[in-house]
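Hi,

Here is the structure I promised to pass on. Have a look at it first, then read my notes below.

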Amino acid sequence: PSAELNAAARKAAGDYVAILEYGDLLTVDALYEIACAVMETGAEIIYTDEDHCDMAGKRFFEPVFKPDFNKDYLFANNYTRHLLTIRRELFLAMRLRSRFDGAHDYDMILRAPKSGIYHVPRVLYHARGIRQPALRLRTGEACRAALEDYFRERGIRARVTPGRKEGFLKVEYLPDIFTARKEVGVVG
């Protein structure tokens, strides 16, 4: 899907692109809320809360109320995925990478500048149905690979393994977080 999404972004005329999954639904005010967030904050990347819906799009359940942007939480979970909206110019500069299909949005948010990210704390996206176990497993592996690549490209020595809860990752820094990530410190 990365090649198709990249091609669609190149052909888009707007200032922002949104990554949606086939068959999922937006609330009637989703694009309005995204536009308001852009006008109020100037953010280059916007994500929203989400929930799930049945295949008919009539029953909604399992709301996911996300935190404002948190880099360490992002290292543990691809929580920004739906509804992820990115300034088109930034999207085109970064491009989705096909080797991380299944977690292409996660790979992009990991590589994106960490300033200019805004969370709209409203459920604006409905993920339809339950994803198949095999697909969830492939997505988890793609997320792990994207995070490992992120650390490798930055010279951060870390091991990434599946977390105890599905959809989460565990990061072990080698030899410790303070050596691996210079921006992390402690005050006593």
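A residue counts as buried when its relative accessible area is under 20%. C143 sits at 9% relative accessibility, so C143 is buried. C36 is at 15%, so C36 counts as buried too. Keep in mind that this is a predicted model.

With cysteines on the table, how many disulfides are there? The count comes to zero. In case the term is new, a disulfide is a covalent bond between the sulfur atoms of two cysteines.

Now for the inside. In soluble globular proteins, nonpolar side chains tend to be buried together. The largest nonpolar core here has 33 residues, and I45, I86, F91, Y106, L110, L147 and F151 are those with the most contacts inside it. Several elements each supply at least two residues of this core, including strands β1 (16-19) and β3 (45-53) and helices α4 (88-94) and α5 (104-111). Which element gives the largest share? That is α6, with six residues.

Finally, the surface. L20, L26 and L31 make a nonpolar patch of about 260 Å² there. One of them, L26, is in strand β2 (residues 25-26). Is L26 buried or partly exposed? Its relative accessibility is 31%, so L26 counts as partly exposed.

Cheers

Key
Residues numbered from 1 in each chain as written. Predicted model: local features only at pLDDT ≥ 70, side-chain atom pairs only at ≥ 80, totals over all residues. Heavy atoms only, no water. Patch = residues over 30% accessible without salt bridge, like charges linked within 9 Å, V, L, I, M, F, W, Y side chains within 5 Å. Areas by Shrake-Rupley, 256 points an atom, 1.4 Å probe, with all protein chains shown as cover. Salt bridge = Lys/Arg side-chain N within 4 Å of Asp/Glu carboxyl O. Helix = DSSP H or I, 4+ residues; strand = E, 2+ residues; numbered from the N terminus. Buried < 20%, exposed > 50% of the residue type's maximum accessible area, 1.4 Å probe, protein only. Disulfide = S-S within 2.5 Å. Core = buried A, V, L, I, M, F, W, Y, C linked by side-chain atoms within 4.5 Å.
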